[in-house]
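Here are some short notes for a colleague who has not seen this model before. They concern how its parts meet.

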Amino acid sequence: MDSTSPSPYRMRIKNARIATCAGHGSTDEARLDLREHASIVIERGTIAYVGPDDDCPAGMYHRVVDVGGRLVTPGLVDPHTHLVFAGTRAGEFRQKMEGVDYRTIAKGGGGIGATVRATREATDDSLTASVLARMRVLASCGVTLVEIKSGYGLTVEHELRLLRIAREASHRRMETAASRDNPKLAGQLLPRTTTTLLGAHAVPPEHAHDRAGYVELVATEMVRRASELRRLGLRETTLADACDVYLDENAFTVEEARTILTAAKAAGLRVRAHVGQFADVGGAELLAELGGLSCDHLEVVSDEGLRAMAAAGTRAVLLPVAWRTLKQRPPDAARMRAHGVAIAVGTDANPGTSACLDPLAALGLAVRDAGLSPSAALLAVTREAAAAVGAETGRLEVERDADLCVWDHDDPSVFGYVVGGLRPAWAISRGMTLVGGPEELGAAVFR
Ligand code: NIG
Ligand code: FE
């Protein structure tokens, strides 16, 4: 993850309803931790105070903003995207809507393979331009951190290229942040990024007759090069923070995933996987065994798998637009919660199964389809989403990054209630304005 230098400003937001998402306790309400008549102080990009208005430290503030009882939440985290891709698959979508099965389309040369061909042919500049455009949409939704996977390159060089493009997208953000606190820059910052190697998204055509060779390549050279420190611009960084595997029937097997993820873990990458999108092949148990951050999709998962995940603290990442596009039966959030599995929700932004860049629209579907409770909803796109990518954000607590959103609403059930178009009036990333501003309060669309 990148480390933007923070704003020197000292700012106070007061008269807010703050959902810190940092509460303790077993219920979602307790974890949501809604505070009335509350203030938050931001100092050097970090939260210096969060608590009652009346106890807020006096002293010099560059700016004090009264938000009139409106909601303040952590910045949103999109924990699962495939943002680096070229080409549309709208034609394939038409087929799907006519009832053709996803796997039939893939076998006919469509699916992931179609996007791999288009992405390999695309220039760095055009991929970068589209990633930045997608990130700007996410920023407008209040996303302050986005996870971006590779997975449409499927050779060592192409996978590393996609990771580099994803990494550099957040560096762009820092160039514009260089003259911070300049109001003219509002809207030019981008969400921070965390990157994930998904070399095991599909077996590429070159390895069609050598699956084992491809798995070996991912587990050795790809993992090694994605996890080695390198100089990128002014900083030393790895290209990837985590490693993902598409673990499913007709994708990678548990044993193949074990080989890749064990190597990734040994190389210092965090591990997670696409699990149970179509069939339960034991992926949840494997990820729990490896201490994985998350199992994503989980339309199909056994009680044993959920128990193992709960014991290991592995999160479920629900991807509602994918189950909608594939016309699948949604997972049951209440069953997951009953097993003690924490739930995050992501867009799964990709050209095949989830052409969506609105995390709160995805959340609205999760509430409706999977029965995610309204109290769990906000947690699923903040605290739990951050935990699903291993990030120290998604909670409003002293000393954490000042990533937050001010909404033109006062009822937290607005998250889930509104499906699409819900935007923060003001989003702040490490103390800097990402989008909007207090002057945009007072024009709510569903209030
Ligand atoms: O998360 N399931 C695998 N990966 C994507 C789909 C990618 C694609 O179809 O291009 C997903 O749904
Ligand atoms: Fe995905």
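How far apart do the C-alpha centres of domain 1 and domain 2 lie?

1. The C-alpha centres of the two domains are 28 Å apart. Domain 1 covers 10–73 + 396–440 and domain 2 covers 76–388, with bounds from an automatic or database domain assignment.

2. This is a predicted model, in which local features need pLDDT of at least 70 and side-chain atom pairs count only at pLDDT 80 or more, while totals for chains, interfaces and linings use all residues. Residues are numbered from 1 along each chain as its sequence is written, and side-chain values use heavy atoms, with hydrogens and water left out.

3. Between them, domain 1 and domain 2 bury about 2700 Å² (accessible area, 1.4 Å probe, that two parts lose on being put together, summed over both). Carbon and sulfur atoms carry 59% of this area. On the domain 1 side, D28, M432 and L434 lose the most area to domain 2, together 23% of what that side buries.

4. Five salt bridges cross the interface of domain 1 and domain 2 (a side-chain nitrogen of Lys or Arg within 4 Å of a carboxyl oxygen of Asp or Glu). The side chains of D403 and R192 also form a salt bridge, at 2.6 Å from N to O.

5. Which elements each supply at least two residues of the side of domain 1 that touches domain 2? They are α1 (28–32), α16 (414–417), β17 (426–429) and β18 (432–436), where helices (H or I, at least four residues) and strands (E, at least two) are DSSP runs numbered from the N terminus.

Note on methods
Chains lettered and ligands numbered in written order.
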